[in-house]
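Student: I would like to work through this structure with you, one question at a time. Could we start once the sequence and the coordinates are in view?

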Amino acid sequence: QGNESRFIAHSCEPNLFPYRVHYDVGNHPKRHIGFFAVHDIQPGTELTFDYFAEVKDPKEFHELTLSQGWTCR
């Protein structure tokens with residue numbers, strides 16, 4: 001069961017960034033998580049994100065991936 005995100009694996013060097021998306025449908029708030037590419041992803045590449053990322057801003061996430069790299073916890 002579940003949705004397609006069950007096929008996305010954990011990595012300390014992820015190629016996806018999870019971002020909370022909020023919108024209203026008929027005056028009912030909806031919340032979802034969107035996954036956005038950190039960089040171009042070649043066909044056949046495993047999709048990954050950091051299950052425990054403490055970064056909430058996509059710009060900050062991008063800067064961290066470029067400057068510091070990642071260390072697993």
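Student: Which residues does asparagine 15 touch, not counting residues up to four places away in sequence?

Tutor: The model is a predicted one, and asparagine 15 is found in the loop between strand E1 (9–10) and E2. Setting aside residues up to four places away in sequence, the residues that asparagine 15 touches are Phe36, Ala37, Val38, His39, Ile41, Thr45, Glu46, Leu47 and Thr48.

Student: Is asparagine 15 buried or exposed?

Tutor: Buried means under 20% relative accessible area. Asparagine 15 has a relative accessible area of 5%, so this residue counts as buried.

Student: Which backbone oxygen does the side chain of asparagine 15 reach?

Tutor: Glu46 is among the residues that asparagine 15 touches. At a distance of 2.9 Å, the side chain of asparagine 15 reaches the backbone oxygen of glutamate 46.

Student: Which strand gives the largest share of the nonpolar patch?

Tutor: The nonpolar surface patch, of about 420 Å², is made by Tyr19, Val21, Tyr23, Val25 and Phe36. Its largest share, 4 residues, comes from strand E2 (residues 16–25).

Student: How many aromatic pairs does the structure hold, and which residues form one aromatic cluster?

Tutor: The structure holds 3 aromatic pairs. One of them is the tilted pair of phenylalanine 17 and tyrosine 19, with 6.2 Å centre to centre and 40° between the planes. Tyrosine 19 also pairs with phenylalanine 36, edge-to-face, at 6.4 Å centre to centre and 80° between the planes. The residues that form one aromatic cluster are Phe17, Tyr19 and Phe36.

Student: How many residues apart are tyrosine 19 and phenylalanine 36?

Tutor: Tyrosine 19 lies in strand E2 and phenylalanine 36 in strand E3, so that their pair links distant parts of the chain. The two residues are 17 residues apart.

Student: Why does phenylalanine 36 count as partly exposed, whereas phenylalanine 17 is buried?

Tutor: Partly exposed covers the range between the buried limit, under 20%, and the exposed limit, over 50%. Phenylalanine 17 is buried because its relative accessible area is 5%, whereas phenylalanine 36 counts as partly exposed because its relative accessibility is 44%.

Student: Where does arginine 31 lie, and how far apart in space are arginine 31 and valine 21, C-alpha to C-alpha?

Tutor: Arginine 31 lies in strand E3 (residues 28–37) and is exposed, with a relative accessible area of 63%. Leaving aside neighbours within four places in sequence, arginine 31 is in contact with Val21 and His22. Arginine 31 and valine 21 are 10 residues apart in sequence, and their C-alpha to C-alpha distance is 5.8 Å.

Definitions and conventions: Residues numbered from 1 in each chain as written. Predicted model: local features only at pLDDT ≥ 70, side-chain atom pairs only at ≥ 80, totals over all residues. Heavy atoms only, no water. Patch = residues over 30% accessible without salt bridge, like charges linked within 9 Å, V, L, I, M, F, W, Y side chains within 5 Å. Areas by Shrake-Rupley, 256 points an atom, 1.4 Å probe, with all protein chains shown as cover. Salt bridge = Lys/Arg side-chain N within 4 Å of Asp/Glu carboxyl O. Buried < 20%, exposed > 50% of the residue type's maximum accessible area, 1.4 Å probe, protein only. Polar contact = N/O pair within 3.5 Å; in protein donor to acceptor, adjacent residues only side chain to side chain. Contact = heavy atoms within 4.5 Å. Phe/Tyr/Trp six-rings, centres within 6.5 Å; stacked < 30°, edge-to-face > 60°.
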